[in-house]
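Dear colleague,

I am handing over the structure below, and after it I set out what was found. Please read the notes with the coordinates open beside them.

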Amino acid sequence: MTELPSADPAEQGRPPAGAARRLLLVHAHPDDESINNGATMARYAAEGARVTLVTCTLGERGEVIPPGLRHLTGAALGEHRLGELTAAARALGVEDVRLLGGPGRYGDSGMMGIPDNEDPDCFWQADLDEAAAHLVRVILEVRPQVVVAYDDNGGYGHPDHIQAHRVAMRAVDLAAQAGWSVPKVYWNRVPRTVAEDAFAGLGKALADLPFTAAATVGDVPGVVADERITTAIDGTAFAAAKTAAMRAHATQIEVAPDAPYFALSNELAQPLFTTEYYELVRGARGEERETDLFAGLAGTSGEETS
Ligand SMILES: [Zn+2]
């Protein structure tokens with residue numbers, strides 16, 4: 001039985017410290033934040049919102065791309081990736097970065113179906129309420145109006161991404177009981193037609209890219225029918241920040257020099273999206289097609305629940 005943290009009663013009814021708009025993102029590994037939400041994070045940070053990133057593992061089972069860094073494995077890779085995460089956050093202008101339960105608390109589980117999934121220290125094996133309790137503490141401290149997470153398949157079925165989804169949704173529920181009801185929760189998405197158009201463009205551009213083959217729409221996490229998209233965040237003005245943040249994750253990502261494409265360790269080219277898409281799954285839509293995650297939150301004061 002995990003003890004549920006409670007909000008300090010002395011804090012009840014007082015306006016939260018700091019920025020009026022507060023965005024919390026939950027990710028599985030260092031690099032996921034930059035790939036999925038880099039432009040969104042850079043935009044809101046630049047606009048003065050408080051952007052808090054919670055990363056659940058250090059990704060120490062990730063495959064390393066640069067040959068010169070392939071000696072890094074296990075804890076050494078985790079430490080290196082923490083440095084990459086710090087550099088990426090700096091590129092995005094994001095100051096509040098936390099590791100769930102502290103650095104190294106939860107180990108990378110590796111891809112689905114491998115024996116690493118059974119390591120008792122891996123995130124996939126974590127007790128859900130215990131892991132969620134770490135995030136509840138952050139939610140009660142930051143009081144975000146908006147939480148961004150993955151869908152229930154983790155976007156593409158990776159155990160750590162599925163677990164990050166479960167932890168985020170559970171923590172939102174527990175935080176509501178403990179004093180802070182998050183007004184809006186979103187899942188990371190890519191509209192199918194946007195993905196298809198981008199891959200059509202990639203097919204034409206591939207000959208000039210440093211990658212020999214292209215991924216497919218099926219390799220992109222979170223692709224759904226366009227009708228499910230509630231929100232598009234135009235981060236075109238922050239393309240350079242997103243690209244720099246992705247480059248900071250050099251062990252995991254290779255970004256094309258002059259084109260909006262990148263590859264992971266499978267060396268398959270993918271489009272780099274600077275408009276980022278979301279599906280609102282909790283809370284009221286601010287407008288028919290939102291262009292702001294905080295849309296409809298008058299005064300963005302948030303919602304006390306006790
Ligand atoms: Zn990941």
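**Strands, crossovers and rings**

Strand S2 (residues 50–55) is largely enclosed by the rest of the structure, because five of its six residues are buried, where buried means under 20% relative accessible area, exposed over 50% and partly exposed in between, with a 1.4 Å probe and protein chains only. Please bear in mind that this is a predicted model, in which local features need pLDDT of at least 70 and side-chain atom pairs count only at pLDDT 80 or more, while totals for chains, interfaces and linings use all residues. Residues are numbered from 1 along each chain as its sequence is written, and side-chain values use heavy atoms, with hydrogens and water left out.

Helices (H or I, at least four residues) and strands (E, at least two) are DSSP runs numbered from the N terminus, and two strands pair if DSSP finds at least two bridges between them. Strand S1 (residues 22–27) pairs with S2 in the parallel sense over six bridges, and within S2 it is Thr-55 that stands opposite His-27. S2 also pairs in the parallel sense with strand S3 (residues 96–99), over four bridges, and there Leu-99 is the bridge partner of Thr-55. The chain passes from S2 through helix H2 (residues 74–92) to S3 in a right-handed β-α-β crossover, and S1, helix H1 (residues 32–46) and S2 likewise make a right-handed β-α-β unit; right-handed here means that, with the strands pointing away from the viewer, the path from the first strand over the helix to the second runs clockwise.

Turning to the rings, those of Phe, Tyr and Trp (its six-membered ring) pair if their centres lie within 6.5 Å, and planes under 30 degrees apart count as stacked, over 60 as edge-to-face and the rest as tilted. By this rule there are three aromatic pairs. In one of them, the centres of Tyr-44 and Phe-294 are 5.3 Å apart and the planes stand at 65°, so the pair is edge-to-face. Tyr-44 lies in helix H1 and Phe-294 in the loop between strand S13 (275–282) and strand S14 (303–304), so the pair ties together parts that are 250 residues apart in sequence. Tyr-44 is buried at a relative accessible area of 0%, and Phe-294 is buried at 3%. The rings of Tyr-186 and Tyr-278, with centres 6.0 Å apart and planes at 70°, are also edge-to-face, and both residues are buried.

Best regards
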